[in-house]
Amino acid sequence: MERSSYPSEIPIFEFPGGIHPQENKQLSNRSPIAKLPLAKELVINLKGQAGNRSIPCVAVGEQVLKGQLIAKSDGIFSSYQHAPTSGKIIAIEKRPIAHTSGLEDLCIVLSADGDERWVELSPAEDFTALCRKQILARIFESGIVGLGGASFPSHIKLQREDGIDTLIINAAECEPYISCDDRLLQDNTDEVLKGAQIISHLYKDLNIIVGIEDNKPSAIEALKAARTKLRMTFDIAVVPTKYPSGGEKQLIQLIAGKEVTHGKLPADLGLVMHNVATCFAIYEAIIQDKPITDRVVTLTGKACGKPGNYRIPIGTPIKHLLESTQTLKSQKLIMGGPMMGFEIQSINAGIVKATNCIIMADSNELKPEQTSLPCIRCGECMNACPASLLPQQLYWHAKADEFDKTEEYNLFDCIECGACAYVCPSDIPLVQFYRYAKSNIRNNRVEKIKADNARERHEARLDRIERVKLEKAEKHRKAAEARRKAAEASGQADAKKAAVAAALARVQAKKEANHEASNSHQADKTKEPKA
Amino acid sequence: MILSSPFAKKPNSVTAVMLWVIVASLPGLAALIYFFGIGVLINISIASITALATEAIILRIRKRPVSATLIDGSALLTAWLIGLALPPLLPWWMTILGTSFAIVFAKQVYGGLGNNLFNPAMVAYVLLLISFPVEMTAWIPPTELAGQSLSLADTFSYIFTGTSSQGYDINFIRQGVDGFTMATPLDHVKTELSQGYRIQEIKVHEMMTGLSGIGWQWVNLGFLFGGVILLFRKVAAWQIPAGVLLGILSMSLILNVLNPDAYLSPAFHWFAGATMMGAFFIATDPVTASTTKKGRWLFGLGIGVITVLIRTFGGYPDAIAFAVLLMNMTVPMLDYYTQPRTYGHTKTKGVSNE
């Protein structure tokens with residue numbers, strides 16, 4: 001593929017490992033971003049972002065306008081969702097979602113009226129008049145999440161203010177096939193850069209660096225031109241094309257020459273990183289007051305009838321995309337890139353905010369299903385791993401269910417980029433083994449907490465029973481003491497009186513003991529957990 | 001079945017890896033044939049048929065896919081290496097015994113390819129060496145010294161009947177023109193040293209010309225050449241042969257400096273016996289070598305040092321096989337204690353946890 005001859009404006013460091021898969025970007029990056037006809041029905045997945053499900057705030061049968069709020073954040077870790085077009089809510093029910101499992105989840109189904117009538121918008125041309133709090137609130141209310149693929153709610157990422165000095169715009173787009181950020185940088189350069197300015201403004205003033213792979217010469221040219229036009233200052237860090245340079249940790253390593261310490265965040269290095277499409281969404285949200293209703297998606301693959309980049313409303317069913325690009329014979333549908341994406345199980349599922357690419361592959365385009373051979377420990381995976389892990393050892397232990405060993409080999413530092421599986425001569429689906437081990441370890445952790453709680457409760461109960469027993473014994477002893485004293489007091493002469501007194505004391509003691517026991521019994525009951 | 005990412009795949013395969021090793025051994029094989037006759041080819045053929053047949057039978061018994069596993073090429077490669085390592089006129093049944101033992105007990109018993117701890121080819125070699133020490137050290141002299149080359153009919157006859165077509169036994173052709181039985185240069189050095197000769201005196205023998213003796217230096221150069229191809233193709237991890245050669249160099253240099261009369265030079269060690277074949281084709285078996293970068297260095301260095309020590313002080317003239325097997329034992333430990341530093345971590349794991 002064509003490489004940019006433009007030198008990086010800041011020194012570039014290296015990250016270990018990495019691979020050079022076939023780029024296949026020219027399939028989709030030749031024409032400007034276009035539009036497709038609107039789908040009749042949009043299926044908006046309420047769990048379309050990282051974190052928790054959004055909570056619907058419209059009723060079935062309600063008419064909504066484009067951009068109208070239809071689902072709220074759960075208030076903790078979630079995001080807002082808006083009507084992608086005007087129309088009528090026809091269902092809020094479980095529908096197939098775009099997920100590797102092929103499971104169903106709660107979706108809002110919107111029947112489009114085709115009018116595309118917007119809610120009332122209040123554009124704010126001068127964002128500098130807005131304070132940090134106002135901007136953050138607007139980002140939150142516009143439902144903005146990281147559009148690079150992780151869809152982490154942006155307002156959370158932007159929350160931390162102190163110590164941040166640099167904004168890195170992630171334009172690396174290292175996955176094969178995907179070209180939506182490349183196109184956005186060429187077709188909406190100004191908007192993307194203004195979005196970056198808004199983020200910079202959030203922190204008073206940040207040093208801005210655009211990290212981009214050298215396989216996007218046109219985008220680099222566009223950035224240079226826009227920089228002059230907008231009189232902005234930022235550095236273009238041109239990094240060599242190598243997957244996964246666009247991984248957050250890897251791009252930081254390339255640009256800053258530093259590693260994000262295990263368990264820490266990029267913010268601890270004074271860095272905050274946002275994707276090109278997220279900057280664009282922030283621009284639209286702040287300047288035009290438009291929440292996320294659509295996004296640029298790369299529709300590509302050798303089976304795709306009209307490959308290219310399109311602005312597609314959120315919730316548009318895959319089926320509609322296949323039909324409107326005249327794709328008839330696709331053998332396999334991948335959402336995301338070929339390295340980290342997943343196979344679409346149902347074409348009735350709608351796209352989500354994280355959908356940056358759909359590959360409509362023909363029969364010989366992607367890896368065929370293959371039986372894997374045994375691992376020969378050749379170490380190719382080790383040489384490809386950008387996190388300097390030992391994938392061969394992780395595989396060995398994950399396969400044997402030795403999860404403690406996988407943790408010793410730093411399993412949780414695996415970013416699941418798939419470079420190891422890409423190079424494996426034995427065709428072992430390595431990442432699948434790591435996901436398996438990770439989910440087992442997570443489940444075990446939950447189980448362990450549960451078991452610990454149960455054990456503590458059981459021990460507390462045993463303690464209590466023992467205590468009650470001791471208290472009872474003490475009562476009996478005291479009663480006996482009282483009897484003896486009574487007997488002594490009345491003397492041997494009046495044995496009859498003494499017997500009566502002793503009986504009374506016995507009754508008294510019994511009463512007391514009963515009272516005590518019922519009290520503690522009640523206490524037991526209230527303490528007993530519901531589980 | 002739901003396939004997990006990635007959906008892209010580099011076109012490479014285990015079979016290609018195995019075949020590349022075989023291809024790269026051709027220069028060494030050519031040198032062996034040139035200096036020691038066609039016997040090595042017959043050995044390779046016998047070993048290959050044995051290995052494939054044994055592997056097929058065991059896979060059948062273990063109810064594993066037979067043809068799909070055989071085409072991975074690993075059994076063929078094991079046989080190939082055994083064939084290259086054995087003396088050219090070894091009785092046929094010994095080759096069969098060693099090869100089948102390697103496949104069954106050094107490979108399939110552990111669970112087949114990828115699970116074995118010991119290098120199967122070297123297990124075969126050592127089994128035969130300690131069971132049949134006379135036959136296993138009966139290398140014939142290089143053609144140049146023998147005066148005439150062995151005919152194809154005689155080669156077959158020796159391997160399958162133990163005598164030549166005229167009925168001579170193997171010691172007949174092992175005799176030089178002076179009537180003394182010829183040994184390999186390493187063997188010769190060992191015998192002579194034990195009789196009190198100095199290295200300089202030993203080296204005047206006609207067999208000892210060149211770097212490491214007639215024939216053997218070319219065999220080693222052949223394997224070195226093929227080995228470099230393996231490194232360039234990235235089929236073998238370069239740290240292992242580098243470690244082996246460095247280990248041999250440093251150990252033999254120390255001894256040689258201490259007493260050049262009693263200890264061979266590093267150059268001799270490098271190009272004698274099975275050094276180059278061992279360094280590039282045997283020690284680099286990824287399954288039984290250490291899998292980390294540092295571990296591979298240590299693994300190689302260990303082989304080099306042990307080889308020189310056994311050659312010098314042990315009872316056997318050559319020692320690559322023993323050195324490889326001894327270092328195979330250390331691999332799990334090497335792997336654990338030589339983990340690389342993971343991204344974002346300050347210390348290497350295995351030594352200390354975070």
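This is a predicted model: local features need pLDDT of at least 70, side-chain atom pairs count only at pLDDT 80 or more; totals for chains, interfaces and linings use all residues.
On one side 56 residues of chain A take part, and they are in contact with 41 residues of chain B. Between chain A and chain B an area of about 4300 Å² is buried, and carbon and sulfur atoms give 54% of it. Of the area that chain A buries against chain B, 16% is supplied by Lys367(A), Ile376(A) and Arg377(A), which is more than any other three residues supply. Charged side chains also meet here: the rule finds 3 salt bridges across the interface of chain A and chain B. A salt bridge also joins the side chains of Glu259(A) and Arg341(B), with a distance of 2.8 Å from N to O.

Strand S14 of chain A covers residues 308-313. Is this strand largely enclosed or open? Because 5 of its 6 residues are buried, S14(A) is largely enclosed by the rest of the structure. Two pairings of S14(A) may be followed in turn. Strand S1 of chain A, residues 34-35, pairs with S14(A) in the parallel sense over 2 bridges. Opposite Lys35(A) stands Arg311(A), a residue of S14(A). Strand S13 of chain A, residues 294-300, pairs with S14(A) in the antiparallel sense over 6 bridges. Here Thr298(A) has Asn309(A) of S14(A) as its bridge partner.

Another set of pairings in chain A involves strand S7, which spans residues 87-96. Strand S4 of chain A, residues 63-64, runs antiparallel to S7(A) and is joined to it by 2 bridges. The partner of Gln63(A) in S7(A) is Lys88(A). Strand S8 of chain A, residues 104-112, also runs antiparallel to S7(A), and 9 bridges join the two.

Attention now turns to the helices of chain B. Helix H1 of chain B comprises residues 14-24, and its buried residues include Val14(B), Met18(B), Val21(B), Ile22(B) and Ala24(B). Which elements cover the buried residues of H1(B)? Among them are helix H2 (26-36), helix H5 (74-85), helix H14 (216-232) and helix H17 (275-282) of chain B. Helix H5 of chain B also holds Thr78(B). Thr78(B) counts as buried because its relative accessible area is 9%, under the cut-off of 20%. When its neighbours within four places in sequence are left aside, Thr78(B) is in contact with Ile103(B), Pro120(B) and Ala121(B).

H6(B) gives the most, with 4 residues. Ile96(B) belongs to helix H6 of chain B.

Key: Residues are numbered from 1 along each chain as its sequence is written. Chains are lettered from A and ligands numbered from 1 in the order in which they are written. Side-chain values use heavy atoms; hydrogens and water are left out. Buried means under 20% relative accessible area, exposed over 50%, partly exposed in between (1.4 Å probe, protein chains only). Two strands pair if DSSP finds at least two bridges between them. Contact means heavy atoms within 4.5 Å. Buried area is the accessible area (1.4 Å probe) that two parts lose on being put together, summed over both. A salt bridge is a side-chain nitrogen of Lys or Arg within 4 Å of a carboxyl oxygen of Asp or Glu.
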